[in-house]
Amino acid sequence: MINILLNLSNFDESWAYPSLARVITPGSHVLILPLSFHESWITDAFEWQEHYGRGSEEYEDIIRPFVSYGVKEKEIRWINYYEDDHESCLRKIRWADILFFTGGYPDWMLQRLYDLGIKEEVSRFEGTVIGTSAGALIQLEQYHLTPEEDYEYQYQEGLGMLSGFDVDVHFEEDLKHVEALIRTLEDTGMPVIAMPNRGGVLIEGDYFELLGEAFIVDQNDLDDLYGTYDYLRQSGGWPQY
């Protein structure tokens, strides 16, 4: 299995393309799993089509990077939560070389995988799994949610494809994200991959490659993080070293 953790559908840019071009290749069969939408966004098949149907903004944003890598649009299929059933989902998963999890709400995504009866099938997938934001987080055994409008800081169980580290998606140089890094290191002792929006990570067995602006913090970085946190709290700006 190959796992690729990202933030946005910008992974066809120069910071990622050279590394991912050997994984996302012309002829790849790509299955999109847009299961992370909030119930206030989509409530039925009609609204699903409005959001993810061909020609919609979301549709174009999701397929664009794959087309940039040479994948034909006809080789990109979708799981439709309102129209697919367990058997049709299984057929699509077994056809695919690449599974792509969209961003949004990881708890909703995990629940819908369960609803469709495909959580175990997805967890055992032996191809390439790509996810943006929530779609990156759910690949972990355990992940944290950095506080924002809809979430307080909390830990959740994911699919268990990856373990031994945590990820901070959409990392920014602000108090909220630095506090999240500190808390995760203190709570779990595990290293954390901080991923700005032009960053990600490629994992293939024991091979591990940071992409773009992504970086790792661990227990050895706590003193620096405490200092950065105090500086941000007092000044409101990122320290210049």
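Strands β10 (residues 199–204) and β11 (residues 207–212) run antiparallel and are joined by six bridges. This is a predicted model. Within the pair, Gly-200 has Leu-211 of β11 as its bridge partner.

The hairpin of β10 and β11 has two residues between its strands. Gly-205 takes a positive phi there, near 65 degrees.

## The seven-stranded sheet

β10 and β11 belong to an open sheet of seven strands. The order is β3-β2-β4-β5-β1-β10-β11, and the pairing is mixed. Which strands form the edges? They are β3 (76–78) and β11, each of which pairs on one side only. From one strand to the next, the twist averages 15 degrees.

At the β3 end, the neighbour is strand β2 (residues 30–33), which runs parallel to β3. Three bridges join β2 and β3. Here Leu-31 stands opposite Arg-77 in β3.

Strands of a sheet pair through backbone hydrogen bonds, either parallel or antiparallel.

## The three-stranded sheet

Another open sheet has three strands, in the order β8-β9-β12. Its pairing is also mixed. The edge strands are β8 (166–168) and β12 (215–217), and each pairs on one side only. The twist averages 30 degrees from one strand to the next.

β8 and strand β9 (residues 192–194) run parallel, with three bridges between them. In this pair, Asp-168 stands opposite Ala-194 of β9.

## Helices α8 and α9

Helix α8 covers residues 175–188 and helix α9 covers residues 222–235. Their axes come within 10 Å. How are the two helices oriented to each other? The axes cross at roughly 150 degrees. Angles over 145 degrees count as roughly antiparallel, so α8 and α9 are roughly antiparallel to each other. α8 passes α9 in a left-handed crossing.

Which residues make the contact? From α8 come Leu-175, Val-178, Glu-179, Leu-181, Ile-182, Leu-185 and Glu-186. From α9 come Leu-222, Leu-225, Tyr-226, Thr-228, Tyr-229, Leu-232 and Arg-233. By class, the residues of this α8–α9 contact divide into 10 nonpolar, one polar and three charged.

Key: Residues numbered from 1 in each chain as written. Predicted model: local features only at pLDDT ≥ 70, side-chain atom pairs only at ≥ 80, totals over all residues. Heavy atoms only, no water. Pairing = 2+ DSSP bridges. Helix = DSSP H or I, 4+ residues; strand = E, 2+ residues; numbered from the N terminus. Axes fitted to C-alpha atoms, helices over the stretch in contact; angles between N-to-C directions. Parallel < 35°, antiparallel > 145°, perpendicular 65-115°, else oblique. Left-handed = near helix turned anticlockwise from the far one by under 90°. Contact = heavy atoms within 4.5 Å. Nonpolar A, V, L, I, M, F, W, Y, C, P; charged D, E, K, R; others polar.
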